2 protein chains.
Amino acid sequence: MHFNTQSLDALPKTTRVNLINSLTGFKSANLIGTRSNNGQENLSIVGSCFHLGADPALMGMIIRPHSVDRHSLEYLQETGYFTLNHVHEGIIGAAHQTSARYPREVSEFGATGLTPLYSHDFPAPFVAESRIRLGMKVIETQDLAVNGTVLVIAAIEHVLLAQGLMASDGYVDVEEAGTVALSGLDSYHLTRRVGRWRYAKPDLTPQKISD
Amino acid sequence: MHFNTQSLDALPKTTRVNLINSLTGFKSANLIGTRSNNGQENLSIVGSCFHLGADPALMGMIIRPHSVDRHSLEYLQETGYFTLNHVHEGIIGAAHQTSARYPREVSEFGATGLTPLYSHDFPAPFVAESRIRLGMKVIETQDLAVNGTVLVIAAIEHVLLAQGLMASDGYVDVEEAGTVALSGLDSYHLTRRVGRWRYAKPDLTPQKISD
């Protein structure tokens, strides 16, 4: 099957949205927790978080300012802080439900049954049910001229991990944590490790270091 | 377990790199195919592709300019074109091996046994073994001041899909395609769908539309 720019443009809008959202492959599934300066809490699922650097520890994410993420964006810009919380199998339904367009005065924590957790004097709420939680400080937000989405760049200030997830080399076993992968707009997946591969060098053949 | 900025900084470098690279959750696994103006082919794996928009169809990715991706970055900037090719279980070893630091004159296609495919008059090589392949046109590249990485924004000009992967609503079944998810720097995972969830609205309860 082949689509080019013209045949992509000719697709019905919903079809194109589903298609294009599938093409990156698997995406991370994170819940953004925020609290406005006047105390309103917000929670929304995001599939666009990406690694930006380990030293300093940085992540990026993309938010559409007119989407259901708009309150998250507003609050993280207002306060400078947010949390990221991995979605696992037990909270998929609640996590997906945060993508509904609730009015401003409704907290998606209360509406979906997830529990806000304040910890380590961090100003934004973590998700108590999550097993991998990050406290993030906004470094910059940038409006991308190409389509009006917003790039958020943030530093990792806190890492809260359930016990037993971190290997001796620092790798965090997100599969063991039950973290799900997202595809398209609405499909959630558990994983089965094929293996970890050793650091690649030109004169070595590819080899697993563990299953 | 808890890390803050100070205890993250105090970790040995390799430990911190493995830890921080794990924290986004699952990542897409794509091979970037490029060809320089003088005909040198390059192939490198990237875990940082993200959806940027469906109309127009845009994706972003992050490249570290001093990493093994440097030739990919140079060639896609020079020519304005590259391909993205999903990694599936059968080509994990070869795909991971493209992360070795080969000299410029070595094509990672030849070195890893993957096959360059030129199709639809697109100037960059696709990966013949891949089942989901995208022809990408560079819209802009931007040096991110925060850490010197490069944000590449590109338009999807061609979509090449193996038969039977696209549902009637446009969703592409990346699990059926065998596309793998990546975690950390070196862990590859197959997936098992938990379900697709219906479009969320405030007055509806979360519900699967399919398993």
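Trainee: How many residues does each chain put into the contact?
Mentor: This is a predicted model, and in it the contact takes 95 residues from chain A and 95 residues from chain B.

Trainee: And how much area do the two bury between them?
Mentor: About 8200 Å², with 63% of that on carbon and sulfur atoms. On the chain B side, the residues that lose the most area to chain A are B:Met1, B:Leu23 and B:Phe26, which together make up 9% of what that side buries.

Trainee: Can you show me one? What does B:Arg196 pair with?
Mentor: B:Arg196 forms a salt bridge with A:Asp186, and their closest N and O atoms are 2.8 Å apart. B:Arg196 sits in strand E13 of chain B and A:Asp186 in the loop between strands E12 and E13 of chain A, so this pair joins two chains.

Trainee: What about B:Arg16?
Mentor: B:Arg16 forms a salt bridge with A:Asp55, where the closest N and O atoms are 3.2 Å apart.

Trainee: And how many residue pairs are in polar contact between the chains?
Mentor: 53, counting pairs with both residues at pLDDT 80 or more. Strand E13 of chain B, residues 187-197, gives the most to the side that touches chain A, with 11 residues. By class, that side of chain B has 45 nonpolar, 35 polar and 15 charged residues.

Trainee: E13 again! How does E13 of chain A run against E13 of chain B, parallel or antiparallel?
Mentor: Antiparallel, with nine bridges joining the two strands. For instance, A:Gly195 has B:Tyr188 as its bridge partner.

Trainee: Last one: how much of chain B's contact set recurs in chain A?
Mentor: 100% of the contact residues of chain B recur in chain A, so to speak the same surface serving both copies.

Note on methods: Residues numbered from 1 in each chain as written. Chains lettered and ligands numbered in written order. Predicted model: local features only at pLDDT ≥ 70, side-chain atom pairs only at ≥ 80, totals over all residues. Heavy atoms only, no water. Contact = heavy atoms within 4.5 Å. Buried area = accessible area lost by both parts, 1.4 Å probe. Salt bridge = Lys/Arg side-chain N within 4 Å of Asp/Glu carboxyl O. Polar contact = N/O pair within 3.5 Å; in protein donor to acceptor, adjacent residues only side chain to side chain. Helix = DSSP H or I, 4+ residues; strand = E, 2+ residues; numbered from the N terminus. Nonpolar A, V, L, I, M, F, W, Y, C, P; charged D, E, K, R; others polar. Pairing = 2+ DSSP bridges.
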